[in-house]
Amino acid sequence: MDRVRELIREDPSAGWDKAWQQNVTPWDAGQSQPPLRDLLESDEVDLPRSGRALVPGCGRGYDVILIATALGLETTGLDISPVALEAARAHAASSGLPAGTKVNFEGWDFFTLAPSPGEQYDLIYDYTFFVAIQPSRRPEWGRQMSALVKSGGYLITLAWPLAPEPYESGPPHYSKPEHYAEVLGDGWEKVLDKEPEHSLERHVGCERLIVYRSL
Ligand SMILES: C[S@@+](CC[C@H](N)C(=O)[O-])C[C@H]1O[C@@H](n2cnc3c(N)ncnc32)[C@H](O)[C@@H]1O
């Protein structure tokens, strides 16, 4: 991640796209996340089966496709990098999605989204977006999540990487599960909080799956 950090330090707004342009995408797992797969296949949380989902900072969009196919939600992957969106659209096009799968990719900055009440989401999923943004923007992240998820809707957070001690560099910036909860505030009920049974090998022991329901 050193090169990514350098690019983002040089240019916080265009740095992500530069990383994509230079093919420096060490976060790209090449697959959807096992804890999300397990959750969507289980009945641990009564997740919505109709409506709309959003994945901010979707990258190549593996989890976007998973949510759309497993839950049948119209799922939008959001990324500020045009190159990431191109890669996500190409990946979706080559994935042989079942007919009727509703997936789309949009080039917006998460912090500029301003939904009207009818446009709120039934579900938002955050994996490596919270830790990608500057920690100083976390309160804004919390306000946006509260504005974007409809009452009764869900926010799935796959919190990774969780380090035992604070560190300065990033992304990914140091985070603890409490950091997510602190900026979400009171309007949420935690409905699941667990160490995943299956994780990517390098995530074992340093990630947590936490699901919130908007009150
Ligand atoms: C660490 S990557 C993770 C990508 C994806 N979640 C994955 O794990 O493969 C973070 C992504 O967030 C995008 N991003 C960063 N800031 C953003 C913003 N303000 N709004 C939307 N996307 C953003 C970057 O372009 C990058 O693709």
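Thr-128 is partly exposed in this predicted model, since 18 other C-beta atoms lie within 10 Å of its own. This residue sits in the loop that links strand 4 to helix 6 (138-148), and its phi is near 60 degrees, a positive value in a residue other than glycine. Asn-23 also has a phi near 60 degrees, again positive without being a glycine. Its place is the loop between helix 2 (15-21) and helix 3 (34-41). Asn-23 counts as exposed, because it has 9 C-beta neighbours inside 10 Å. As background for reading these backbone angles, most residues other than glycine have a negative phi, and most peptide bonds are trans.

The bond from Trp-160 to Pro-161 is cis, with omega near -5 degrees. The bond from Pro-171 to Pro-172 is cis too, likewise with omega near -5 degrees. Pro-161 belongs to the loop between strand 5 and helix 7 (177-184), and Pro-172 is found in the loop between strand 5 and helix 7 as well.

Strand 1 runs parallel to strand 2 (residues 74-78), and 5 bridges join the two. Within this pairing, Val-55 has Gly-77 of strand 2 as its bridge partner. Together with helix 4 (residues 62-71), strands 1 and 2 make a right-handed β-α-β unit. Strand 1 also pairs with strand 4 (residues 121-127), in the parallel sense and over 2 bridges. Here Leu-54 stands opposite Ile-124 of strand 4. For readers who wish to follow the side chains along these elements, in a regular strand they alternate between the two faces of the sheet.

Once neighbours within four places in sequence are left aside, Val-55 is in contact with Asp-63, Val-64, Ile-67, Thr-75, Gly-77, Leu-78 and Tyr-125. The largest nonpolar core holds 54 residues, and those that touch the most other members are Ala-53, Val-55, Leu-123, Ile-124, Tyr-125 and Ile-156. Strand 5 (residues 149-159) gives the most to this core, contributing 6 residues.

Lys-190 is partly exposed, because 14 other C-beta atoms lie within 10 Å. With neighbours within four places in sequence left aside, Lys-190 is in contact with Ile-210 and Tyr-212. Lys-190 and Ser-214 are 24 residues apart in sequence, and their C-alpha atoms are 8.9 Å apart in space.

Methods: Residues numbered from 1 in each chain as written. Predicted model: local features only at pLDDT ≥ 70, side-chain atom pairs only at ≥ 80, totals over all residues. Core = buried A, V, L, I, M, F, W, Y, C linked by C-beta atoms within 7 Å. Buried ≥ 20, exposed ≤ 12 C-beta atoms within 10 Å, placed from the backbone. Helix = DSSP H or I, 4+ residues; strand = E, 2+ residues; numbered from the N terminus. Contact = placed C-beta atoms within 7 Å. Pairing = 2+ DSSP bridges. Right-handed = clockwise from strand over helix to strand, strands pointing away.
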